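Me: I have a structure open and a few quick things to ask. Can we go through them one at a time?

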Amino acid sequence: MQSFLTAVENINGAINGFVWGWPALILLGAVGILATCMTGFFQLTHFKYWMKHTIGAIFREENVTAHTNDKTISQFQSLCTALAATVGTGNIVGVAGAIATGGPGAVFWMWIIAFFGMMTNYSENVLGILYRRKNEEGEWCGGAMYYLKDGLGAKKNMKAVGAVLAVLFSSFCLLASFGIGNMSQVNSMVGNINHAFGIPNMVVGVFLFFAVGLVVIGGLKRVAAITEKLVPFMVILYLLGSIIIICTHITSVPAVFVSIFKGAFAMKAVGGGIVGSGIALAMQMGMKRGVFSNEAGLGSSVMVHSSSNVREPVRQGMWGIFEVFADTIVVCTLTALTLLSSGTVNLDTGTLSAEAESIGSASMMSYVYELQFGKLGAWFIAIAIFLFAYSTVLGWSHYGSKAFEYLFGTKAIIIYRVIFCLIVLAGAGIEATLAWDISDTFNGLMMLPNLIGVLVLSPQVKACTDNYIARKIKGDTSVKPIYSLIPAIQAEQEKAAPADADD
């Protein structure tokens, strides 16, 4: 068994070095920068507008939260399911791992990739709505596989390329759902539960097998019904605990921000080579863990956003902006401030304390909470990670099922759901580092075809954005709305909604 795991590590290491090399990271950043520039820095210039029409709309517009009677889900449910998949162990264990390897400077690069990632995620969701269609059961199907096949594939001499990339994306997404969406999450859950309560890993794994299976077998509607209740509760609870710890160490916060900015550019290092390598490591870890956390660029969350009952592509795109904002700018930042202000990291050198080094990044947040709140703190963070990771598993089960459906058809989805539940048991027994490394690799593999599609189709995102701004923000009633780039669906949506409908 050990020789098999060693072989897996070696193969995964070689693939990981390619998919997370600098060319891929540059492509990731370039797509976000391009989307930001082409939309006129939408995430900044229309900050008040998209906040009002996302989180603000939850309290004002009934159609945003109202449950649907058909196969679609509400906009709020789509957000919660997407956040369920993103707000997971990446926000706790992933941030701790980034700081442990790349130092405090990794947090800065996490912010940078999130800022531009907002518009990458926005673009993915706009394209997802523009190219979605309904399956034989009346459920919306959208995602990178559809805009690769029908969007990229519609370009001159690109039909075969679009079809191949769509299949590759679906295949990689399928594998990623077993990695980022299952094994790494389960592995973090069982490890923290074992640390806090001493319960054996496989006992927790068996419990999760049934807890996941009962929800996943029921499909998207059941997943959405659980996540819309679980996500707000777990996020608020975790944020309150982190804010208490930060306030307790409030005098250290200025020094924390100084260490983040200094570490981002390796300002404490001496010699050009050391500075360069320090910056490179901080950038790489910040970008990798940032993408692991918010998934902007992976093309994953678009698969649930496309199931929303929304008509306006830009409206759903704005939920994508908020998703990245909430996940990384809010939750990951509070995690980083909690860790860095608690004394577990030497702010002058950027190195872990001896105690933090000995327990490892997977349990670092548990250690910090235990310092602050005693054994109750360790229990709290173990339960928080359990809920975060459980919700992530539920969200990713939908992504994997959509990829499986694209490859094998709607009727075969039940096969995927059974396999997905069995993988939960494997995640409980696998070695932690390998679980995270495999997840990183699968992320990178599905990211590449998706980014190619978003890059090529970015003019369509710009056109749709300009159309929406002209109609909804500038009030030009002469502009015809763009709901879909599939003529039959465009006509259907025009008929179903008045031209001035704000949904």
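**Cysteines, a helix and a leucine**

Reply: Starting with disulfides, the count comes to 0. Keep in mind that this is a predicted model.

Me: Changing topic. Which residues make up helix α10, and what should they span?

Reply: Helix α10 covers residues 159–197, which is 39 residues.

Me: Where does α10 bend?

Reply: At A176, by about 40°.

Me: What follows α10?

Reply: G198 comes after the helix, and its phi is positive, near 75°.

Me: Now L394. Where is that one?

Reply: L394 sits in helix α19, which runs over residues 375–408.

Me: Buried or exposed?

Reply: L394 has a relative accessible area of 0%, so this leucine is buried.

Me: What does L394 touch, leaving out residues up to four places away in sequence?

Reply: The contacts of L394 are V212, V215, V216, V223 and I226.

Me: Take V223. How many residues apart in sequence are V223 and L394, and what is the spacing in space?

Reply: They are 171 residues apart in sequence, while their C-alpha atoms are 6.3 Å apart in space.

Definitions and conventions:
Residues numbered from 1 in each chain as written. Predicted model: local features only at pLDDT ≥ 70, side-chain atom pairs only at ≥ 80, totals over all residues. Heavy atoms only, no water. Helix = DSSP H or I, 4+ residues; strand = E, 2+ residues; numbered from the N terminus. Buried < 20%, exposed > 50% of the residue type's maximum accessible area, 1.4 Å probe, protein only. Contact = heavy atoms within 4.5 Å. Expected span 1.5 Å × (residues − 1). Bend = angle between axes of the 7 residues up to and from the residue. Disulfide = S-S within 2.5 Å.
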